[in-house]
Amino acid sequence: MARLELKSVGKSFGAARPADGVSLTVEPGEIVVVFGPSGSGKTVLLRMIAGMFEPDEGEILVGGRSIVGAAPERRGIGMAFQNFALFPHMTARDNIASGLGARAAASDAAPRVEAISRLLKIEHVLGHAPRELSNGQKQRTALARALIGYPDVLLLDDPLRNVDAKLRYEMRLELPNLLRRGAAAVLYVTQDYREAMAIADRIAVLVDGRLEQVASAEQIYVTPASVAVARLFGDPSINLAEVTPFAEHGTLSAMVSGAKVRLGSADGHLPDCPCWLGVRPEDLVISVSASEDAIPAHILAVTPMHEKAVLLLRLSDGTEWLTALPPDAPHGAANDAVFVRFAPEAALLFDRATGLRIGLSHRRQAA
Amino acid sequence: MTMLQMLRTSGRVDRKARPRGQILPYVLSLPALLVCVAILVPFVTAAIYSLQRYRLNLPYLRGFIGLQNYIDFLSDPAFWNTFRISLTYTALTVVLELLLGLAIALLLRRPSRFHNAVSIALLLPLMTAPAIAALMWKLMTNPSFGILSYLVSLFGINDFKWASDPSTALFTVVLVDIWVYTPFIMILLLAGLRSLPRQPFEAAALDGVPASFVFFRITLPMLAPYIITASLFRLLDSIQQFDIIYAMTQGGPGDRLMVFQVQAYLEFFQYTNVGRSTALLMILWLITNILSNIFIKNWLRLRARAHHQA
Amino acid sequence: MEHVSLAGRIFRGVALTLILVFFMFPIFWILLMSFQTNEQILRIPPRIYFEPTLANYEALISGQLRTAAGNLQISFMRNLFNSFVLSSAAVVLALLLGVPAAYAFARYKFRLGETIAFTLLSFRFAPPLLVLLPLSLYYQQLGLNDTYFGIVWVYQLIALPLILWIVRGYFEDMSPDIEHAYRLAGHSWREAFTRIAVPLAGPGIAAAGLLSFIFCWNNFVFALILASADKQPVTVGALAFVTASGIQYGQIAAAIVLSVMPTLLLALYAQRYLVEGLSLGAVKG
């Protein structure tokens, strides 16, 4: 089994730069999800690894050997495509068997196709042509084709994009086990942060061709490396306010919409730099009682969702924030005046110039 | 485009880039390139011949005479006769085929089994070799037994000589051209009509807009790119028409049907004057280029406008 | 969609009938003539009812034509054979040359590809004699005059642009990911091309091949200039036959029927492909 390594991989298409100094290592048996908004360069990255185009600079290594310049069929890579890319003139069985390539003897192919299709629960449609399959079956066929040859590296380009919500939910639960079977180094691309969090051992956040952060799902959620990463994870997305923190009696504080909120202890930190303050919606506490550190606001709208209620608030300076509350928690109604608090531990500070997170000493460390 | 440019293109590629991927397209298109070269060489040769005094029967007189062949044409009534007849033939065939083709396409517009069968039946003349089509019409217009001669005689016209009479020869070959090529225009316009968005027509029907307004203000403008494309194809084929006229009358009677390519053919094989023949063809080539440029510009403009409206 | 009045319906019916008569009658009439003796043909007024004869076809097929002036050898079957050989060989060659090139033009954006595609297309619109006349002089020097190969080679002018433009469109409509998937599974470029790309473009290749076959078959001027009697296709042969046989109108009609039958049957058999191929430029453009 082999490790996949990207070393300062860069690629330009005219003025666009879909990959810019991307370095990443995927261990055998590990699932790394490349997550980013559309157009961030995820697909280009996968296609460079697969050999559909070559990087302008940098190295791509599989098991320590460079595969740059090698023909796609010699790279030991399996890939599942977003549009499935099944061969329309072959049955599902032949589609899957083609994944064994020229490597396998014909006698060997049949039992392996049976085995993998049982695992993916498509053994009853093996005789069908792709156009006779449902999207879910197409997707499983494509997956079986990619998995069957036990490739060193497995690339999945947003494989759940074109399947319905129920199937996507089921596959999110199934996929991690399936993908770990062959101990391949798995690189999985998605635009859906929930999918990323459900499947990944580690998430690589790609923004404008650069890796902003590579870490476990929890680390990324709790300690995002930058304001860009913080905004990409979480639904509703993180609340932001422009602040300039200041030190007072050994405490770092900031004025948010007229209220002085505490952000942690001031030791060793640079106050007075323009920052973004970020607070996750679920870390906000709503009450009707005023206090010095409570931000006055009123409720604009209440949106009940199945596992939480989302409130749209307008702070007294006009900033709009969201909170997410358990559905049974008491919350007000539209137009109610309320006060918003959050624990200092919940506060994230980002340098407004660079977008990078400024470490605060009290931060709870991710496990 | 040459080997030199190929080498330059491949030289620009990063050393590390997959070499096969860069060379492969060139290898694949090499045979097609060969065909191109095999066309371009005689084309360039023709251009050179057109600047020469070059008669196959008088090889010792051969030599460069600049534009003399072209200049001679300007004062040659035979050339102006050819020019006039070619343009008349082209204008008549294109306009009549366009009107008839559009009318048929409109009649067949609604897809139905019968309409589709008619449009398939109309494919047959188009798939007949034009030279053979000319022979078919020659048999039908034979003065002694031709069915068409018989039919006009029923109307009291007993002496209708079709292609052998200078006054009706043009009419006859235009008729054959219409028979062969109207289906081409019909097919393109039918495809165009059936691909038009339905909303403008449905809206017009709801508003009770008169049919003539719908036709001139909605159908025609939206169909314009297709009309232009079909006319361009027909225009360029028609001004170069050879098969029908040569098979029917070889340019006669007299020089009544002398069009560009027939005259060039006769200059070459009958008078063995290579210089004059190629010069005449170069003039024709120039005319086709000018025509196609005008049409392509119009096509792009109309297409942009049609898209804008849709 | 539209409400059609009775008068409108009658008008449509009459118009369509007239159109069908105009376009179908010549084919129908020549077919009738081909089964008539000369006496029947020359009868005035012409009749639709007559005793059909196969004598015209027999004469053509046996190559023996009896005329008042004596027996005449005719090589019309030879012309028919030539047409088959020339058109099939030209289409096969054009597919071998054109399909890989069309693939290259569709999959790789490179300047040479665009240049070739447009050069070939622009010569589709250039006067054919402009290329043919100088070529006939070259052919005489090269000994290619009056050879099958020489004629098949110039037929590329007809077949290759059609195949390049139609097949290229089909390749462009196919997702390249399908080929990528096949290659990643361990197959070479060549295998991906022959087992994935070509089968999937099959309908387009068939349409382009059929259309080129018909256009090669129907071509007149290329062979008129480059081929002499024993290599001539039916288009040129039929014209020569008219001159040689003089007043044997029944045989002329039979020769015409034999010349157009192959392409008309092909056209009827594959009309869907034909319409697609013919309207490709205009609809997709």
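**A helix of chain C and its setting**

Modeller: In this predicted model, chain C has an average pLDDT of 85, and 93% of its residues score at least 70. For the complex, the predictor gives an ipTM of 0.89 and a pTM of 0.82.

The part to look at closely is helix α9 of chain C, which runs over residues 189–200. Start with its length.

Next, consider which residues are covered. C:A192, C:F193, C:I196, C:A197 and C:L200 are the buried residues of α9(C). Around the helix axis they cover an arc of only 125 degrees, and therefore they lie on the same side of α9(C). The face turned away from this buried side carries the exposed residues C:R190 and C:T194.

What do the buried residues of α9(C) pack against? Their partners belong to chain C: α4 (76–107), α7 (148–173), α8 (176–184) and α10 (202–218).

Now step back to the contact between chains. Here 78 residues of chain C are in contact with 71 residues of chain B. On the chain C side, helix α1 (residues 6–33) provides the largest share, 12 residues. Sorted by class, the side of chain C that touches chain B has 62 nonpolar, 13 polar and 3 charged residues.

Chain B itself contains 14 helices and 2 strands. Its C-alpha trace spans about 70 × 70 × 30 Å along the principal axes. The radius of gyration of chain B is 25 Å, whereas a compact globule of 310 residues would have one near 19 Å. Buried residues make up 41% of the 310 residues in chain B. Of the contacts in chain B with a separation of 6 or more, 70% join residues 24 or more positions apart.

Within chain A, strand β3 (residues 31–35) has the highest confidence, at a mean of 93, and strand β12 (residues 246–248) the lowest, at 81. Residues 363–367 of chain A stay under 50 in pLDDT, and the model has 7 contacts for them beyond four places in sequence.

Notes
Residues are numbered from 1 along each chain as its sequence is written. Chains are lettered from A and ligands numbered from 1 in the order in which they are written. This is a predicted model: local features need pLDDT of at least 70, side-chain atom pairs count only at pLDDT 80 or more; totals for chains, interfaces and linings use all residues. Helices (H or I, at least four residues) and strands (E, at least two) are DSSP runs, numbered from the N terminus. The radius of gyration is taken over C-alpha atoms; the globule rule is 2.2 Å times the number of residues to the power 0.38. A residue is buried if 20 or more other C-beta atoms lie within 10 Å of its own, exposed if 12 or fewer, and partly exposed in between; C-beta atoms are placed from the backbone. Two residues are in contact if their C-beta atoms, placed from the backbone, lie within 7 Å. pLDDT is the predictor's confidence in each residue, from 0 to 100. Ala, Val, Leu, Ile, Met, Phe, Trp, Tyr, Cys and Pro count as nonpolar, Asp, Glu, Lys and Arg as charged, and the others, Gly among them, as polar. The expected span of a helix is 1.5 Å times one less than its number of residues. The arc is that of the directions from the helix axis to the C-beta atoms.
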